[in-house]
Amino acid sequence: MDEKIIRVKDLKKEFGKNKVLRGVNFELGAGERVVVLGPSGSGKSTFLRCINRIEEPTAGEIYFGDTLITDKNIQKIRQDIGMVFQHFNLINNLTVMKNLTLAPVTLKLMSEEEAEKKARELLRHIGLANKAEAYPASLSGGQKQRIAIVRAMMLNPKVMLFDEPTSALDPESIGDVLSLIREVAKAGMTMMIVTHEMNFAKEIATRIVFVDEGRIIEEGTPKEFFGQPKTPRVREFLEKVL
């Protein structure tokens, strides 16, 4: 796990006078599964969104491998850094198949035929082959989120970022989405996940990072983090959520 896929140096993000990230330093090694925990409003989602440049950092540097991505064409970088959002972000006026094939075909990574073949294989794998020509409005939240994960996988990314992937779902759908994320993890994908699912965090993470008031204040293995938290702030957080 020596290869560092993502390195973040002194990352800051401000919205007007609101300082959301206050100097975050972070490294993600190949094959790691980092779960980002923290209270609401602590900057967890903004941290992920800055890595994918959905939010432009106010200051600091983000490297993907040796490439400084804060001054590069982000479309190229996003082929390697897949992102799954809380609210799916599927394109409502396109069929499921078009949602899946749009990016790889537009970016000229695959022909339309190749992209459709791969999309059908992935849909079959998640048990949604019969939804290829359906529109997002006809799908349940769980189905939309599984398709959003598959859409990110279409580009063969090197890293997957999951921003609270289950928080908009009903309890029944959560299990299906977490199962799919487990599968992606088992295949060796490097990933970062912002989640409120503590049991899932314990199970899937190789490392937990705790963010509060825009800073990383503690990190460690799930066993260390949940079993022997080092800071009073993390102990207080765990007492509330466990």
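This is a predicted model: local features need pLDDT of at least 70, side-chain atom pairs count only at pLDDT 80 or more; totals for chains, interfaces and linings use all residues.

Modeller: Residues are numbered from 1 along each chain as its sequence is written, and side-chain values use heavy atoms, with hydrogens and water left out.

Biologist: How many aromatic pairs are there by the rule for rings?

Modeller: Rings of Phe, Tyr and Trp (its six-membered ring) pair if their centres lie within 6.5 Å; planes under 30 degrees apart count as stacked, over 60 as edge-to-face and the rest as tilted. The count by this rule is four aromatic pairs. In one of them, the ring centres of F210 and F225 are 6.1 Å apart and the planes lie at 35°, so this pair is tilted.

Biologist: Which parts of the chain does the pair of F210 and F225 tie together?

Modeller: Helices (H or I, at least four residues) and strands (E, at least two) are DSSP runs, numbered from the N terminus. F210 belongs to strand 9 (residues 207–212) and F225 to helix 8 (residues 222–227), so the pair ties together parts that are 15 residues apart in sequence.

Biologist: What is the geometry of the pair F210 and F237?

Modeller: For F210 and F237 the centres are 4.9 Å apart and the planes stand at 65°, so the pair is edge-to-face. Since F237 lies in helix 9 (residues 232–241) and F210 in strand 9, this pair ties together parts that are 27 residues apart in sequence. One aromatic cluster is formed by F210, F225, F226 and F237.

Biologist: Are F210 and F225 buried or exposed?

Modeller: Buried means under 20% relative accessible area, exposed over 50%, and partly exposed in between (1.4 Å probe, protein chains only). F210 has 0% relative accessibility and counts as buried; F225, at 1%, is also buried.

Biologist: Which ring does the charged end of R7 sit over?

Modeller: A charge sits over a ring if NZ of Lys or CZ of Arg is within 6 Å of the ring centre and within 35 degrees of the ring normal. The charged end of R7 sits over the ring of Y63, 4.6 Å from its centre. Likewise, the charged end of K13 is placed over the ring of F15, 4.8 Å from its centre.

Biologist: How is the packing of two helices described?

Modeller: Two packed helices are described by the angle between their axes and the distance between the axes. Axes are lines fitted to C-alpha atoms, for helices over the stretch in contact, and angles run from 0 to 180 degrees between N-to-C directions. Here the axes of helix 3 (residues 96–106) and helix 5 (residues 141–153) come within 8 Å and cross at roughly 25°. Helix 3 and helix 5 are therefore roughly parallel (angles under 35 degrees; over 145 is roughly antiparallel, 65 to 115 roughly perpendicular and the rest oblique). V96, N99 and L100 of helix 3 make the contact (heavy atoms within 4.5 Å) with I147, V150 and R151 of helix 5.

Biologist: How many residues of helix 1 are buried?

Modeller: Helix 1 (residues 44–51) is mostly covered, with seven of its eight residues buried. One of them, S45, counts as buried at 18% relative accessibility. Not counting residues up to four places away in sequence, S45 touches D163, E164 and V194.

Biologist: Where is P57 placed?

Modeller: P57 is found in the loop between helix 1 and strand 4 (59–64). P57 is buried, with a relative accessible area of 19%. Residues up to four places away in sequence aside, P57 touches L11, K12, K13, C50, I62 and T70.
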